[in-house]
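Subject: Structure handover

Hello,

I am passing this structure on to you.

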Amino acid sequence: MRGKTIFCPQCGSGVFKYESPVPTVDIIIEVESEAEQRRIILIYRKNQPRAWALPGGFVDYGETLEQAAAREAREETGLEIESAYQFHTYSDPQRDPRRHTISTVFIARARGNPRAGDDAERTGIFGEENLPSPLAFDHEKILKDYFSTKGKCSPQRSRRKKKNQ
């Protein structure tokens, strides 16, 4: 276990303060294109690491993962997400060069035109065939997983399969 001993300024007692990974969320926001092909929204980060990324960020104290996903999507793209569901959790200690994070990735839908806000310098809408490079963090792996399972893990598909059985 990692951590350090800190001391009470009043009594001098030592207490071990554990270092723990920080929870984050990332959101794959799906939008319909004019050709009715599924596209996703990415942001170009204002801050380091400066690269294209999924909208996302740190979970605030007292906030659920779902609330954090909706807030981050709204702050970075100006869009309200709907039908959000958890896709996967990524926990490689090296996924974020700043610190050890654990990210729960959501898939959601949105309508409208994204506009950059908060940590986003700009937004873009991309398909699997024209993803920008480089992608920040482990977002290339996340999107590879997403596009390889697209449509196979959605709650709507699961409900349809159960009805037909």
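The notes below go from the whole chain to single residues.

This is a predicted model, in which local features need pLDDT of at least 70 and side-chain atom pairs count only at pLDDT 80 or more, while totals for chains, interfaces and linings use all residues. Residues are numbered from 1 along each chain as its sequence is written, and side-chain values use heavy atoms, with hydrogens and water left out.

Overall picture

The protein has three helices and nine strands. Helices (H or I, at least four residues) and strands (E, at least two) are DSSP runs, numbered from the N terminus. Along the sequence, their order is β-β-β-β-β-β-α-β-β-β-α-α. Of the 165 residues, 38% count as buried; buried means under 20% relative accessible area, exposed over 50%, and partly exposed in between (1.4 Å probe, protein chains only). Contact here means heavy atoms within 4.5 Å. Among contacts between residues at least 6 apart in sequence, 64% join residues at least 24 apart.

The accessible surface of the protein is about 10,400 Å², and 47% of that belongs to carbon and sulfur atoms. Accessible areas come from the Shrake-Rupley method with a 1.4 Å probe, and for residues only the protein chains shown count as cover.

Aromatic rings

Rings of Phe, Tyr and Trp (its six-membered ring) pair if their centres lie within 6.5 Å; planes under 30 degrees apart count as stacked, over 60 as edge-to-face and the rest as tilted. By this rule there are five aromatic pairs. One of them joins Tyr44 and Trp52, edge-to-face, at 5.5 Å centre to centre with 75° between the planes. Tyr44 counts as buried because its relative accessibility is 16%, and Trp52 is buried too, with a relative accessible area of 10%.

Trp52 also pairs with Phe126, again edge-to-face, at 5.1 Å centre to centre and 75° between the planes. Trp52 belongs to strand β5 (residues 52–53) and Phe126 to strand β9 (residues 120–126), so this pair ties together parts that are 74 residues apart in sequence. Both Trp52 and Phe126 are buried.

Arg122 lies over the face of Tyr44, 4.4 Å from the ring centre. A charge sits over a ring if NZ of Lys or CZ of Arg is within 6 Å of the ring centre and within 35 degrees of the ring normal.

Other residues

Ile125 lies in strand β9 and is partly exposed, at 41% relative accessibility. Leaving aside neighbours within four places in sequence, Ile125 is in contact with Val31, Arg39, Ile40, Ile41 and Pro114. The C-alpha atoms of Ile125 and Arg38 are separated by 9.9 Å, although the two residues are 87 apart along the chain.

Asp138 is in the loop between β9 and α2 (139–149). With 13% relative accessibility, Asp138 counts as buried. Beyond its neighbours within four places in sequence, Asp138 is in contact with Tyr90 and Arg95.

Phe16 is found in strand β2 (residues 14–18) and is partly exposed, at 37% relative accessibility.

Regards
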